[in-house]
Amino acid sequence: MFKTKLALLIGCLSFGVNAAGFEAVTLGSKGGIQDGNLTAFMLKSDQDSNYVLLDAGSVVNGLIVADKEGAFADIKLPTESPYTKVGYLLKEKVKGYFISHAHLDHVAGMIISSPDDSNKPIYALAATNDALMSNYFNWSAWPNFGNEGNGFKLNKYTYNDLAPSQWHAVAETSMQVMAMPLAHSGGQSTAFIVKDSEGDVFAYLGDTGPDAVEKSDALGNVWKTLAPFVKQGQLKGMVIEVSYTNETPDKALFGHLTPNWLIKELTALETLAGKGSLDDLDVVVSHIKYSLKKGEDPQVVIERQLEASNTLGVNFLFPEQGDTLNF
Ligand SMILES: [Zn+2]
């Protein structure tokens with residue numbers, strides 16, 4: 001008994017020393033069309049307790065579902081807080097938004113919750129921030145909760161334009177972030193590379209097409225940036241999209257990936273980082289659309305197609321809304 005306890009204690013201690021990494025809570029898992037469950041992940045480093053949101057398709061609904069599932073069981077609501085647990089999480093624990101692009105399925109939750117949100121920065125490439133201020137926070141689609149743009153500024157959200165391929169501090173967290181452009185059917189999307197103070201990284205890629213179809217080198221540049229972290233065992237995981245099954249022709253991809261294209265792109269990363277370097281890497285597959293059709297769920301097909309060609313040894317994950325993942 002004592003021995004077991006001692007082993008447990010030692011186990012916990014070593015866990016504490018080596019456990020640096022990241023936690024992601026899935027606030028929205030779908031790439032459309034299910035309002036209430038659209039792309040959004042809450043990310044934090046194990047080194048502190050504050051989160052950022054990786055895209056914000058669903059926010060309050062995602063928090064409600066995740067809270068019910070116990071995702072925030074170890075966060076105590078302070079007795080003096082005037083807010084519910086969900087309110088406290090949104091207002092006090094989410095310290096900023098990383099927005100990959102301004103398509104509605106990536107920002108609807110942030111816009112809808114903005115009247116009751118707390119003041120925080122929006123970290124994005126300049127083109128994304130420009131699109132947010134001109135299309136949504138403009139007093140036509142919605143009041144201007146930003147600090148720039150049309151008409152009276154309510155100054156709740158501070159647009160923080162990230163210079164591409166440079167590290168930027170993320171206020172009130174122990175994380176830094178680097179933004180890199182992605183090609184999304186003629187539009188621009190973003191890859192966010194997040195680094196903790198020990199140098200471990202996590203990559204979140206917004207919507208993206210394959211370089212060969214987009215006639216772009218955007219994903220190739222992301223892989224070049226990530227390869228050194230892969231070699232050093234510091235890439236803890238990534239989120240990347242697969243919107244369609246392999247049956248979708250290239251001309252109908254509209255800036256998205258299939259299982260075949262994801263494997264091809266990950267193989268490009270492996271080529272840079274070394275044979276076998278992606279073995280056991282956690283890769284979260286996002287942006288699979290909710291299906292209204294009878295018959296086989298596209299997610300089942302996508303899972304099967306990815307596993308069938310998974311020569312890289314990657315650990316593909318398909319979280320549902322409310323699921324917590326540790327990297
Ligand atoms: Zn999109």
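Which residues in helix 4 are buried? They are D105, H106, V107, G109, M110, I111 and S113.

## A covered helix to start with

Please keep in mind that this is a predicted model. Helix 4 runs over residues 104–113. With seven of its 10 residues buried, helix 4 is mostly covered.

As general background, nonpolar side chains in soluble globular proteins tend to be buried together. In this model, the largest nonpolar core contains 38 residues. Inside this core, the residues with the most contacts are L205, W223, L235, M238, L266, L306 and F316. Several elements give two or more residues to the core: strand 8 (176–184), strand 9 (187–195), strand 10 (201–205), strand 11 (235–241) and strand 12 (282–286), along with helix 7 (218–231), helix 8 (259–273) and helix 9 (298–308). Helix 7 gives the largest share, seven residues.

Setting aside its neighbours within four places in sequence, L205 is in contact with L182, T190, A191, L219, V222, W223, M238, V239 and I240.

Two packed helices can be described by the angle and the distance between their axes. Helix 7 and helix 8 pack at about 45°, and their axes are 8 Å apart. The two helices are therefore oblique to each other, and their crossing is right-handed. On the helix 7 side, the contact is made by L219, W223, K224, L226, A227, V230 and K231. Helix 8 meets them with E265, L266, A268, L269, L272 and A273. Sorted by class, the residues of this contact are 10 nonpolar and three charged, with no polar ones.

P259, L262 and I263 of helix 8 meet I302, Q305 and L306 of helix 9. The contact has five nonpolar residues, one polar residue and no charged ones.

## Helix 2 and helix 3

How do helix 2 and helix 3 cross, and at roughly what angle? Helix 2 covers residues 60–68 and helix 3 covers residues 85–93. Their axes come within 10 Å and cross at roughly 125°. The pair is therefore oblique, and the crossing is right-handed.

The residues that meet are V60, L63, I64 and D67 from helix 2, and K85, V86, L89 and L90 from helix 3. By class, this contact holds six nonpolar and two charged residues, and no polar ones.

## Loops worth a look

Is F254 buried or exposed? F254 has a relative accessible area of 56%, so it counts as exposed. Its place is in the loop between strand 11 and helix 8. Not counting residues up to four places away in sequence, F254 touches H184 and S185. The C-alpha atom of F254 is separated by 36 Å from that of S174, a residue 80 places away along the chain.

S185, one of the residues F254 touches, is found in the loop between strand 8 and strand 9. At 42% relative accessibility, S185 is partly exposed. Its phi is near 55°, a positive value in a residue other than glycine.

## Backbone details

K215 has a positive phi of about 50°, although it is not a glycine. You will find K215 in the loop between helix 6 (211–214) and helix 7. K215 is exposed, with a relative accessible area of 75%.

Where is I33 found? I33 is in the loop between strand 1 (22–28) and strand 2 (40–45). The peptide bond leading from G32 to I33 is cis, with omega near -5°.

Technical notes
Residues numbered from 1 in each chain as written. Predicted model: local features only at pLDDT ≥ 70, side-chain atom pairs only at ≥ 80, totals over all residues. Heavy atoms only, no water. Axes fitted to C-alpha atoms, helices over the stretch in contact; angles between N-to-C directions. Helix = DSSP H or I, 4+ residues; strand = E, 2+ residues; numbered from the N terminus. Parallel < 35°, antiparallel > 145°, perpendicular 65-115°, else oblique. Left-handed = near helix turned anticlockwise from the far one by under 90°. Contact = heavy atoms within 4.5 Å. Nonpolar A, V, L, I, M, F, W, Y, C, P; charged D, E, K, R; others polar. Core = buried A, V, L, I, M, F, W, Y, C linked by side-chain atoms within 4.5 Å. Buried < 20%, exposed > 50% of the residue type's maximum accessible area, 1.4 Å probe, protein only.
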